[in-house]
Amino acid sequence: MRELNKDELDSINNLKWWHRIPVGLVEGKPFYTPGMVQHGPDGSDFATTRFGLPADLNGKTVLDIGAWDGYFSFEAERRGARLVVASDMALTRPNKDLLEHANWGGNKGFRAAHRVLGSQVGFIEASVFRIDEAVRQAHMNTIGDLTGREYPLEYDVTLFYGVLYHLIEPFLALQKVAAVTREMAVVETAIAKGKDMKMELRPGFDNDPSNWWYPTIPCLQEMLIRAGFKRTELVFNLNDLRATVAAFK
Ligand SMILES: C[S@@+](CC[C@H](N)C(=O)[O-])C[C@H]1O[C@@H](n2cnc3c(N)ncnc32)[C@H](O)[C@@H]1O
């Protein structure tokens, strides 16, 4: 990490952030983008323990669907991934509710952090419902790319964090995630409590009009199997409110 200059600091501080991303040093101390969520206390390893992000991603390709400011994309890059592609839909389907509640500022934060970090993370603008087409298009567009960064048709590791419960058609979304995943997907979501195979419909839950469906953990695991994965593992259960499940091809 290097010391940030005044322009860089201003470019960060003038934006509204969701993520706290370590982007450099200020007076020798780690500086984090001033985001509202902390994926664990600064400097902790919640990305691994709570979100199941593999500690070593050396040589892997990673797709982060619904990346927002890109905390997990940049972390995957830091963990040695050969290629990381962030994707989000904020700019493709401007939706007032979504912009206000689930992704303010489009990908401005992502771009600012990307610039300051000197990151090589790529970006695909797409809804998860069209991610298979968008990944194919990006693959076609990068064949023979002089940088040698050909985007694959399937990614070794797909991250799908904090998106599922915002979707009207969650099962279709998991099928799309499976379609672009080669080895493993990690899904983090708000959940319903219980052991039954059920999905609770909670439109607008928590005063957030972008919230819809809350599966129990067994339901989420079964959906992942039906969507095309061979087996699943529960990574984390946060007080029966949120959970992370890894699914393997
Ligand atoms: C709660 S945020 C989660 C951000 C990040 N993945 C995390 O875990 O911190 C939800 C994200 O999902 C994105 N999103 C919402 N609907 C989506 C869709 N249909 N396809 C892809 N991303 C979507 C939003 O734009 C937003 O970036």
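Modeller: A salt bridge is taken here as a side-chain nitrogen of Lys or Arg within 4 Å of a carboxyl oxygen of Asp or Glu. The model is a predicted one, and by this rule the count comes to 16 salt bridges.

One of them pairs Lys6 with Asp10, whose closest N and O atoms are 2.7 Å apart. Both residues belong to helix α1 (residues 6-13), where they are separated by 4 residues, or about one turn of the helix. The two partners can also be described by their accessibility. Lys6 counts as exposed because its relative accessibility is 60%, and the cut-off for that class is over 50%. Asp10, at 29% relative accessibility, counts as partly exposed.

Another salt bridge joins the side chains of Arg130 and Glu133, with an N to O distance of 2.7 Å. Glu133 has a relative accessible area of 42% and is therefore partly exposed.

The buried residues of α6 are Ile131, Ala134, Val135, Ala138, His139 and Thr142. Because these residues cover an arc of only 140° around the axis, they lie on the same side of α6. The elements that cover them include the strands β3 (61-65), β4 (83-88), β5 (122-125) and β6 (155-161), together with helix α7 (170-179). After α6 comes Gly144, which has a positive phi, near 75°.

To return to the charged pairs, Arg231 forms a salt bridge with Glu233, and here the closest N and O atoms are 2.9 Å apart. Arg231 is partly exposed, as its relative accessible area is 43%. Glu233 likewise counts as partly exposed, at 39% relative accessibility. Salt bridges also occur in a linked form: through shared partners, they join Asp45, Glu75, Arg78 and Arg79 into one network.

Definitions and conventions:
Residues are numbered from 1 along each chain as its sequence is written. This is a predicted model: local features need pLDDT of at least 70, side-chain atom pairs count only at pLDDT 80 or more; totals for chains, interfaces and linings use all residues. Side-chain values use heavy atoms; hydrogens and water are left out. Buried means under 20% relative accessible area, exposed over 50%, partly exposed in between (1.4 Å probe, protein chains only). Helices (H or I, at least four residues) and strands (E, at least two) are DSSP runs, numbered from the N terminus. The arc is that of the directions from the helix axis to the C-beta atoms. Contact means heavy atoms within 4.5 Å.
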